[in-house]
Amino acid sequence: METLGFLMDGFAVALTPYNLMFALFGAIVGTLIGCLPGLGPANGVAILIPLAFTLGLPPETAMILLTSVYAGAMYGGRISSILLNIPGDEPAMMTCLDGYPMARKGRAADALAVSAVASFTGGLIGTIGLIMLAPVLARFALTFGPAEYFALFLLAFATLGGITGKNPMKTVIAATLGIMISTVGIDISTGTQRYTFGVLELYEGIDFILAIVGLFAISELLFFVEIRVGEGHRKINVGKLTLTFKELVSTIPTQLRGGVLGFIAGVLPGAGASLGSFLSYTLEKQIVGRKGTFGEGDIRGVAAPEAGNNGASSGALVPMLTLGVPGSGTTAVLLAMLISLNITPGPLMFTQNADIVWGVIAALLIGNVLLLVLNIPLVGFFVRLLSVPPMYLLPIVTMVAFVGIYSISHSAFDLYFMVAFGVAGYFLRKLEIPLVPVILGLLLGPEMEKNLGHALILSDGDWSILWASPLAMGLWLVAGLGLALPCLVGPLLRRRMNAAIKETPVSD
Amino acid sequence: MSGLGDRILGLGLLVLAVAYGWTAQQWPEPFGGAEGVGPETFPTILSVVLVAGSLYLMVKPDPDAQWPLGKTALELLISLVVLVIYAMLLEPLGFVIATTLAVGTLSWRMGARPVRAFLTGLVSAVVVFVLFNYGLDLSLPAGLLEVS
């Protein structure tokens, strides 16, 4: 019951008018980010970091803002899936399968409403899971020594590509590049200058915020310039809400199953929200069997993946908050915010920064309620924004990124650096080197080196300490599996996901 | 030859990895003598990993991506130049003018009609400027428009 007390404290933090205002703002912005084309959740949160930072928000407020954005983005992704058959973000892919057919039958409003409720249920289940699991995991993580942490970081990198990832070697390369960038600057333990080439701006190392914003925002702009889809979408009519209460009730078991499955997929390393929504959808199809009309606009086919991906997004916060090891791109960006607020992520956060952790968790619950309330009446507003053409939107987003980075340090040097990272990001994405491991490498590199150093000092230079304890051994094993599995199972899973999408008879 | 992109990337990364690893060996021994882990230990491991990765890429490259050619490449280059000039002129010209030009040019090049593009630039610049300078107390450079 200790947890409940902490949670109450968390609510006390999150329910202050100031924080509540930011949660509301975050929820709206997040939904926008989720539904607008060309602005994924990781990208959106990344652009907001420098702003939250320069506004001098207190740490808990900054985290509440970004967590609400994160939760909101997961809601927003479904809007363009349903109306345009274009997923707003990757996890919303499965929602297209039944959402778009529903919209074509003139039931767009119903699909949006059901998916909002399912998102709420999924988010709620995920957050409850987070509340129950996180403190346990954090207590367990306190037994980790430096060697275990080192192995854990390796595990995080190895599984980041995900089971559905394409080429694990490219994940390794990406992570290594990120860690290498993080070694630039003055070495903390010895004071040696590393890779500074005498440039004063490099002494303090490369600010990961500008690297993240450059890699995401600038490269996104370049991609849009390349594929030339400046035009907006035609206006869409949502129609009237004809959803009956009975119909909504009939989807409740679906939502519960989807939420739980999504949460599990979110917590597990290497699975993530996309797999969460995929699993929930497939499971639902299996359970309902022939009685359903999946793929032709079955209401359960909208509820299941949405519950799944929102459950997963809360689940993904578990490893991020308890171990300091994020499992997805967006949680990695949230971690960047924590680090730049001078908070060391990991199990100690639950004791040292309890107000922040529980404030964030409470904000997730509040955010979910806010989002549900916002999403039903405001859906028309969000839909109208869908028709904003990217040719206006992306330059403005880029400008906001410039403003954010500039206002941190007021130096043009940082802006050049950001553009350089954007170009690098463009080339890496073109060559299918994933960006998320680069960012995770940037963030975790220093911690990894520190833990390696501590472990070796403890063992007097004996390298075998890194895999001496059974726990560390286990972590190495899972890390190895994380790299090997995508080669074995990956192609199969990917084929299934693609097959499921191609099955839909709506492609016209 | 297929997979040329990955092979070139692999070669570049190999050069980077070797240079990175070699530089790490040149640092003077830290004050107080060498311990189990010096400043060069971790970078050395990284360079070995990257050497292995880049060799793998060169031996087993993925199929090539579609690279932009001709007009598209030119558009990309223009966007890039706009971004660099934006960063360069932000302080001398001031936020509002620089942003109007940068956002305007970008959205014009992305297909908007010039008047609407630059109007979007101007409106967004003024809104952000007012919001930041008066609403949030973060000063953006006023540049030429400075009233002193």
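Helices (H or I, at least four residues) and strands (E, at least two) are DSSP runs, numbered from the N terminus. This is a predicted model, in which local features need pLDDT of at least 70, side-chain atom pairs count only at pLDDT 80 or more, and totals for chains, interfaces and linings use all residues. Residues are numbered from 1 along each chain as its sequence is written, while chains are lettered from A and ligands numbered from 1 in the order in which they are written.

**Chain B as a whole**

- Chain B holds 5 helices and 0 strands, in the order α-α-α-α-α from the N terminus on.
- The radius of gyration of chain B, taken over C-alpha atoms, is 24 Å, well over the 15 Å that the globule rule gives for 148 residues, so chain B is more spread out than a compact globule. The globule rule is 2.2 Å times the number of residues to the power 0.38.
- The C-alpha trace of chain B spans about 60 × 50 × 20 Å along its principal axes.

**Helices α1 and α2 of chain B**

- The axes of α1(B) (residues 4-25) and α2(B) (residues 41-59) come within 8 Å and cross at roughly 160°. That makes α1(B) roughly antiparallel to α2(B) (angles over 145 degrees, on a scale from 0 to 180 degrees between N-to-C directions).
- Residues of α1(B), including B:Leu9, B:Leu13 and B:Ala17, meet residues of α2(B), among them B:Leu50, B:Val51 and B:Leu57. Contact here requires C-beta atoms, placed from the backbone, to lie within 7 Å.
- The residues of this contact divide into 14 nonpolar, 6 polar and 2 charged; Ala, Val, Leu, Ile, Met, Phe, Trp, Tyr, Cys and Pro count as nonpolar, Asp, Glu, Lys and Arg as charged, and the others, Gly among them, as polar.

**The interface between the chains**

- In chain A, 48 residues are in contact with 51 residues of chain B.
- The largest share of the side of chain A that touches chain B, 10 residues, comes from α19(A).
- That side of chain A divides into 29 nonpolar, 11 polar and 8 charged residues.

**Positive phi in chain A**

- Most residues other than glycine have a negative phi.
- A:Asn342, which is not a glycine, has a positive phi of about 70°. A:Asn342 lies in the loop between α15 (329-340) and α16 (349-352) of chain A and is exposed, with 7 other C-beta atoms within 10 Å (12 or fewer count as exposed, 20 or more as buried, and numbers in between as partly exposed).
- A:Glu432 has a positive phi near 60°. The place of A:Glu432 is in the loop between α20 and α21 of chain A, where A:Glu432 is partly exposed, with 16 other C-beta atoms within 10 Å.

Methods:
Parallel < 35°, antiparallel > 145°, perpendicular 65-115°, else oblique. Contact = placed C-beta atoms within 7 Å.
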